[in-house]
Each structure stands twice: as C-alpha cells, then as structure tokens.
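My notes follow the order in which I checked them.

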Amino acid sequence: MCRVAFKLELRCPQRVDGISIDPEPNWSFNSVLSELNSLEKKLNASSTPVPFTKTKSRQIANGKSLESSARRGFVMRVSDDEMEDDTESKGEGVHDRSLVAVKRFNCDVLYLSESDASDDETAFEAESYLMDEVGLVEGALVELTHEHQLGVKDEIRNLISKLDSELMSENELSNSALARVGKYRDARREMDRKLDTQYQRKIAEALDNHLTAVQRDHELKSQIEERKIRSDAAYEEAKRKERALVEEKLRQEKAKAEAEAKLRAEEAKRAALEAEQKASKEAADREAAEVSKRISAGASKDEAPGRQMVGSSGTSNAQSKESGADGIEKSQSAVSIIRAAKSALNLEQIRSQKLTEYDEKNQSLTLSTNKDFSSHERHISRLIRQIRGTKDNVRTKASELIKIFNNPLCPQSISIAAFAKKVVSHCGSPDNAAFACGHVIVMVTSQVPVAMDLLLGEFHKACIYTVPKHMAFSKSAFGSREAYYKTIGYREEDGKIESHKDYLRRLESYMRLYAALVQTEIPGLPNAHGLKEGWAWLARFLNALPANTYTATALNAFLQMAGYALYRKFKSQFRKMLNIITDNFLNALRAREDQELKPVIAEIQCYIEDRKFLEEPEGRTLQAALLSSTMVPDADYQESYTRYHHY
C-alpha cells in the first residue's frame, strides 16, 4: 500500500511585468498553450527589447515523444511536514524541498486502512485530487503538463536573470557615464578656477604697477618739496646763525666791557685800600715820632730806651694788628680748617670760576632764546647711562655725544655743561663702568677741550678730595656739624643728612671714576688730565692732607684704579710713594685707634704688600677690538673737531 502524500510547489514569483507566471494547477493543456501564446504576444508588443525570439511553435508532442516523456521520471517537491511522520516511523531520511526523480507509477486502487486514515486524513482532504484514479493517458498528460510548466518557469527565470544582468550593466554604464560627466565637470571647474586666478593675478599685477607708478610720482613730488623745504630751512638757519653770531659778538663785547668795568672797580678798590693803608701807616709813624719825642724830653735815662723800644715796637705792632687784624684771623682760621696744596687750590679756583661763567652764560642763553633744552640734556644723560665696557659701545656713545655738541639746535655751552654734570652724577649708579666712562671722557674732551675743565670743576664741586683738599671741623667756622657735613659734600634728603656709610660709598665712586680718567691712555688721542696730573694729585695728597677716614677711603680707591698705570709710567718713583704711604700715612691711621679704619688700612696694606699694582685691574681693557695702536680719529671726530675750533 502506498500511503505517501505528494505536494507540488512552485517557488517563483507570481507575476512579472503584470503577467502571471504561475498557472493554475488544474489548468488544461489547451489553457496552458493559450496562456503561453498570449504571453509571447505581450512580450513582443512591449517596448522593451526581448533578448530571445521564438524559433518553433509550441505544439503537442507526438506519440513517441509523449511516450518518451511518459517513460521519463518527473520532478516532485516533497514537503518535510508531510513526510515527517513517515520518516520517523520508517527511518527514511528526506531532504528539505529536495528534487526527487521518481519512476512513473500507477495506483489503480488507493487503499487506506482504518488505522492509517486517522493519521493522514487531513492531508488527503486537502489534496484529494492528487489521489484520484486516472488513466494512463491522463497521467502522462499531467506529467507532460507539469514538465512543460517547469520548463516555462525555468525559461522565464532565465529571462528575468538575463534582464537583471542587462539592467545591472546598463546601470554600470550609466554610472560610468555619470562619473565621466562629473570628472569633466570638475576638470572644467578647475580650468575655470585657474583661468580666473590667472586673470585676477594679471589684474593685481596691473593694479600694482599702476600704484607703483603713482607712488613713484608722489615720492618724486615729495622729494622736490623736501629739497625746497631743506633749502628754505638752510637759508633760514644761515640767517639765524648770522644773527646768533652777531648777538654772540655783542654779548661778548658786553661781557668784556662788564669785565673791564669790574676789573677797574677792583683796581679802584685796591688803590683805595692801599691809600688807606698808606695813610694809616703814615699816621702811625707820626704818632710814634711824637711819642718818642715826649719820652726823650721828660723820661729818665733808664726808662727812655725801654719805653722807646716798647713804644716803637709796640706802636708798630699795634698798627699792623689794627690794619690787618681781621685778615690775619681769617687767614689763620682758613689755614687751620682747609688742608690742601696752594697749587691745587689755585687750579680749583680757576675751574670753579670757568664753571660759574658757563652757568651764567647758559642762564642768559636760556632767558634770551626762551627755549627749553631739557630734551638735549635728557639725551645726554641717557647716552652716559648706556656706556658699557665694550669698545664699540664706547666709540658709539662718544660719537653721539660729539654730534650733540655740534647740534645747531642747542648751544654748545649748554650741551657741554650738561655733559659734565651728568657724568659726575652718574658716578653713584651701580652700573657705573668707570674705565669705559674714562675712555668716553677722553674721546669727547680730545675734540672739545673745554669740556675737561667743566668736568673737573663738577668733580671738585661734588667731591673735595678730587682737588685734593680736606676741611677740618671748626664750630666757630661752621656753627654745627650739619653745616660742616653739607660743606664737605654730604647730601640732604627730606631734611635729613645722609649716613656716614653712604657718603663714603659715594666718595669712593667719585674717586674711582676720577682715577679711571687719570690713567686712561688712548693712542692717537690726547688726555688733558692724564698720568702726569695723577702723579701730581698723589704728591699733593700725601704732602697736605691728614690721615683720617675720608682721606684713607679716597687714597684706597685711587690706588686700586690708577696704581697699575702709575707704576708702569714712573716705576721706582711710584715705589717710593708707596713706601711713604706705608711709613707715614698708614702709621698715622693706626695711631688714631679707630675701629672703622681697620678695613681700609687692611686693604691699603694688602695692596702694597701683595704688589697688586703689578696686576691690571679688572675692566681696564675694553672687550671689543676697537682702540688699536694705529687708531686715528674717524671722520665724525675730525669733522666735529674742525667745526668746534671754527666756532
């Protein structure tokens, strides 16, 4: 008995382009043929090109083919669900939806047992038509119909896959075409961009050329205007200089006349004083003669000579005391207060007088011109503060200072006086490069010699030990210690006198710069206050000044800076000076038994005993190679020097 249920399944799309491709399972053969013919007509009538054409008409196969077809097996789809029970019971394995080739069979009578009917009742009810008893022809027709349907479906599937492949190729062609179009568009855009950039560059170049031409034209016009302005300014400057020269000449004549008048007045005063002294002397002589006559007439012989001697000598002494009592007292007090060599005091007086003359002259210039020259003074002060221990820096600053001296916008006397004041005031700054500053001073004063006198006058005014000079305290002369401190150079700030330590520090700074100036030697440039003046200062110092804290500090600073150069110049003579310092000056300091003097005594003694005068002091040789043995003043120095002397 055969109890296997067969189920035919067609797993393909139901419709393609509106055409049904899954015929009804109960169609007749004629219906299938008519459906296929209508399908071909629709395909031929459609606008889409058909990749195949019908080569032969579909006809019913002849008897042989029918028989051969009937002999061939057909393909059935067996459902796993329907075969599950039988597979488990009989142990037969069936693959899911597998294609099974079977032989043609006839089932004349379908036998169903009662026991099996209960299990497969549902399946036979759903597909009872598959189990109907049919004849041989009908079974062959069904098999042929089913085979034909499968062939048509395969053909349709192939056609659809071919159409899909062609559609994909068309899509690829269209995509490649679109890509080429995009590349062409990008290339055209890039070309347009390059052309636009090139065009803009040409426009920019043309505009730049035009602006350059316009600027050149404006510069030419401005140069013409500047030349015209400069020529006018030069003409006005020449007229101003001429007027200034005339005014200066008038002022000089006026000053000369005033000096002559002052000199005549002093001569008249001196003549009157001499006449007065002569008259007083004659009166004293007459009085002495009368006294001697009276004594000789009425006195005894023993008393007469004595009285005559007393009278004559006494009256003459009285006369000299009466005529010059005030002057003698003043000179005696001055000698006891001021300790200095006479030559040093004379030089100090000359320099102070010249400094005073320049101050008065500058004040009159400022009042007459009604101009403010403070900017030039600030410029000079800035240049002095910028002096450093390099030769390039020294040369640059000296050249700029000389240019300021020759600047027609500022009188030279004002510039020189400002230079002298700023150099001396710069001594107390911590960045004071003494040796470099000495080089600048020598280079400037070699072109403007009068600047040296003003500078020394400012030195003497700021520090009396640069003279050298010492002033002792006297209550009758100064009245108080504060007045004495102010006189010897102490500063007063906010109503208070600076401390002793600060004063000694400033005194040392002044003496270091003064000693650096003295020992500065520049080949090709004269130093108006060189080693000769330094030797004279040391001799005057040891001959006239006492040994105390102030003088010891000044001497120590001078030796530290100038001792090396003095030894190279004077050799054994300088050694003798050092012996005098050791034997006299240091012993006098020790005799004072002052604890504050011990450090400076130790420094001076160490300098002499360790022979430090054989060692070059630090900073004496400038760093850059500027001042060689063949140095000649450059063009700026020569021009400034010529203009100064011409002026």
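I began with the contacts of Tyr 465, taking contact as heavy atoms within 4.5 Å. Leaving out residues up to four places away in sequence, Tyr 465 touches His 470, Tyr 503, Leu 507, Met 511, Trp 537, Leu 545, Tyr 550, Thr 551 and Ala 554. Tyr 465 sits in the loop between helix H12 (450-462) and strand S6 (469-471). Helices (H or I, at least four residues) and strands (E, at least two) are DSSP runs, numbered from the N terminus.

Is Tyr 465 buried or exposed? Its relative accessibility is 0%, so I logged Tyr 465 as buried. The cut-offs are under 20% relative accessible area for buried, over 50% for exposed, and partly exposed in between (1.4 Å probe, protein chains only).

A note on the source: this is a predicted model, where local features need pLDDT of at least 70 and side-chain atom pairs count only at pLDDT 80 or more, while totals for chains, interfaces and linings use all residues. Residues are numbered from 1 along each chain as its sequence is written, and side-chain values use heavy atoms, with hydrogens and water left out.

Next I checked H10 (residues 412-425). I found 11 of its 14 residues buried, so H10 is largely enclosed by the rest of the structure. Among the buried ones are Gln 412, Ile 414, Phe 419 and Val 424.

Then I looked at H7 (residues 342-369) against H10. They pack at an angle of about 130°, with their axes 9 Å apart. That makes H7 oblique to H10. Angles under 35 degrees count as roughly parallel, over 145 as roughly antiparallel, 65 to 115 as roughly perpendicular and the rest as oblique. Axes are lines fitted to C-alpha atoms, for helices over the stretch in contact, and angles run from 0 to 180 degrees between N-to-C directions. On the H7 side the contact includes Tyr 358, Asp 359 and Leu 365; on the H10 side it includes Ser 413 and Lys 421.

Among the contact residues are Val 394, Arg 395 and Phe 405 of H9, and His 439 and Met 443 of H11.

For the whole chain, I noted 20 helices and 8 strands. Buried residues make up 31% of the 647 residues.
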